[in-house]
Amino acid sequence: MAWLKVSDAFGAPVGTKVTVKGWVRTRRDSKADGGLSFVAVHDGSCFEPIQVVARADLPNYAAEIAKLNTGCSVEVEGELVESQGKGQSVEIAADAVRVVGWVDDPDSYPVQNKRHTFEFLREVAHLRTRTNTFGAVARVRHRLAMGVHRFFDERGFYWVHTPIVTASDAEGAGQMFRVSTLDSVNPPRTPEGQADFDKDFFGREAHLTVSGQLNVETYCCSLSRVYTFGPTFRAENSNTARHLAEFWMIEPEIAFADLADNAQLAEEMLKFLIDDLLTARPDDMAFFDLRIEKGLIDALKHVLETPFRRLPYTEAIEVLKSSGKKFEFPVEWGKDLQSEHERYLTEEKFKQPLIITDYPKDIKAFYMRLNDDGKTVAAMDVLVPRIGEIIGGSQREERLDVLDSRLEEMGLEKEDYWWYRDLRRYGTVPHAGFGLGFERLIQFCTGMQNIRDVIPFPRAPRQCEF
RNA sequence: UCCCCGAUAGCUCAAUGGUAGAGCGAGCGGCUGUUAACCGCUAGGUUGCUGGUUCGAGUCCAGCUCGGGGAGCCA
């Protein structure tokens with residue numbers, strides 16, 4: 001008797017003898033036909049649980065089966081049969097139901113057969129994966145991750161494992177977490193009284209990475225098409241539904257490429273991932289469409305069918321100024337776009353993903369390539385409805401003299417970037433890349449409103465329980 | 001970090017400064033090839049924490065913690 005995943009049991013021919021193992025989602029009893037119980041069992045292999053029909057003549061019926069609660073783990077042997085009831089095509093007529101694990105106190109078991117708020121479920125993150133929503137999120141997250149690797153592999157990209165720990169403290173993307181083995185209460189001191197990082201594990205200050213970009217550029221300048229996909233850490237005190245202290249980021253980097261190539265790659269990638277997800281997980285996506293975000297599937301299909309609109313920053317400013325909308329923050333060339341501006345452009349004005357390009361150099365990072373106008377850099381942000389910025393990227397400055405003057409302008413030390421500058425000294429090439437926030441992608445694809453609900457164990461300020 | 005709102009049963013929420021309640025869930029029973037099942041009964045509380053005002057605080061005040069919405073930082 002084959003032990004099948006629930007998803008495989010659904011696809012097996014009627015009459016097959018099967019074993020399934022999983023957790024009870026609900027139990028309903030009936031006195032008809034001498035008594036029977038309907039036990040819905042899920043094992044994570046698909047959205048729908050399978051219905052097990054356990055009759056009262058089973059030896060452990062009264063003592064065990066009739067006492068099953070939501071959350072109990074069971075092994076079921078039986079025959080796959082056509083269902084007599086509505087709501088499912090097949091079910092398992094049980095020959096045996098073995099209880100593997102009971103629920104200790106059903107009254108206080110957090111994941112009861114009722115609606116729960118996501119805020120509550122976040123407090124029981126170790127159990128929330130048993131719910132419809134979080135099971136679906138987990139499967140979608142997996143599919144999107146595999147889709148990322150497949151997309152790049154099919155196009156000749158290499159996955160580069162850039163370091164998690166970095167000594168570069170000037171990557172320019174915000175506050176970093178320190179990595180240290182020094183005694184945090186009484187560290188060794190320099191003569192000046194500062195903590196002496198020469199005595200630290202790495203012999204210098206070290207932090208968790210905020211981006212693999214600078215490292216992956218080195219591989220780009222030899223392997224041509226590369227990407228990173230790994231955890232990233234920001235110690236910003238951000239308390240929003242779209243920021244985490246630990247999140248996953250995908251950073252492709254392509255050689256002999258400019259900003260237009262970069263934008264095209266970003267668009268192709270997002271469309272590939274959405275298409276693949278809709279094809280591979282129709283069950284979970286139907287759930288998100290029905291219960292989480294009405295119209296989600298149509299909106300994603302619309303994204304697939306519509307070319308992303310390219311919009312230079314300077315034009316975006318003009319569109320905003322002539323919109324007639326009252327914004328809380330003034331629209332002015334040279335200032336960064338505010339959330340309300342981005343939302344107006346992508347949700348109201350154009351109602352589609354936008355790629356804003358060529359931002360003023362003063363609001364962007366040192367490594368972005370200076371345009372011929374001397375005022376803007378070859379940067380791009382991809383904005384999508386509901387989420388806002390999902391991708392940020394740029395063509396990189398490949399000219400050493402321009403890079404150096406940018407470093408100087410921004411008060412950065414050339415010596416700190418010695419190996420990054422070497423890439424421009426030895427066989428430099430135009431190249432470009434971007435960063436895609438993986439959790440924001442999952443939010444976009446599922447309609448989940450809070451980023452803390454699309455990562456298994458969210459890390460945020462004052463939140464590190466699990 | 002800033003602005004606004006909130007924290008009461010396992011969960012979602014009620015309760016003029018004066019005896020702490022409902023729905024869902026849970027337990028028991030009834031009914032039914034059930035499926036957001038339905039009907040009846042029962043149990044379930046240090047009202048987030050600390051302090052203050054008051055004869056009396058879930059309710060008013062202060063601080064703290066946590067959560068939500070918005071903003072900034074960004075992906």
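How far does a polar side-chain atom of Glu91 lie from a base nitrogen of RNA strand B? The distance is 2.4 Å. This is a predicted model, in which local features need pLDDT of at least 70, side-chain atom pairs count only at pLDDT 80 or more, and totals for chains, interfaces and linings use all residues. Residues are numbered from 1 along each chain as its sequence is written, chains are lettered from A and ligands numbered from 1 in the order in which they are written, and side-chain values use heavy atoms, with hydrogens and water left out.

**RNA strand B and its surroundings**
- RNA strand B is surrounded by 54 residues, where near means that a heavy atom of the residue lies within 4 Å.
- The closest are Ala32, Lys86, Arg122, His243 and Arg462.
- Sugar or phosphate accounts for 53% of the RNA strand B atoms within 4 Å of the protein, and bases for the rest.
- A polar side-chain atom of Arg234 lies 2.6 Å from a sugar or linking oxygen of RNA strand B.
- The side chain of Arg343 has an N or O atom 2.5 Å from a phosphate oxygen of RNA strand B.
- Several elements each supply at least two residues of the surface near RNA strand B, including strand 2 (17-30), helix 2 (118-122) and helix 9 (339-349).
- Strand 16 gives the most, with four residues.
- Helices (H or I, at least four residues) and strands (E, at least two) are DSSP runs, numbered from the N terminus.

**Helix 3**
- Helix 3 covers residues 132-154, 23 residues in all.
- Its first and last C-alpha atoms are 33 Å apart, close to the 33 Å expected at 1.5 Å a residue.
- That expected span is 1.5 Å times one less than the number of residues.

- Gln352 sits in the loop between helix 9 and strand 14 (354-360).
- Gln352 counts as buried because its relative accessible area is 10%; buried means under 20%, exposed over 50%, and partly exposed in between (1.4 Å probe, protein chains only).
- The Gln352 side chain reaches the backbone oxygen of Pro307 at 2.8 Å.
- Glu192 belongs to the loop between strand 9 (178-179) and strand 10 (206-208).
- Glu192 is exposed, because its relative accessibility is 64%.
- Glu192 and Glu342 are 150 residues apart along the chain, and their C-alpha atoms are separated by 48 Å.
- Ile164 lies in the loop between strand 7 (158-159) and strand 8 (165-166).
- Ile164 is partly exposed, because its relative accessibility is 34%.

Methods
Polar contact = N/O pair within 3.5 Å; in protein donor to acceptor, adjacent residues only side chain to side chain.
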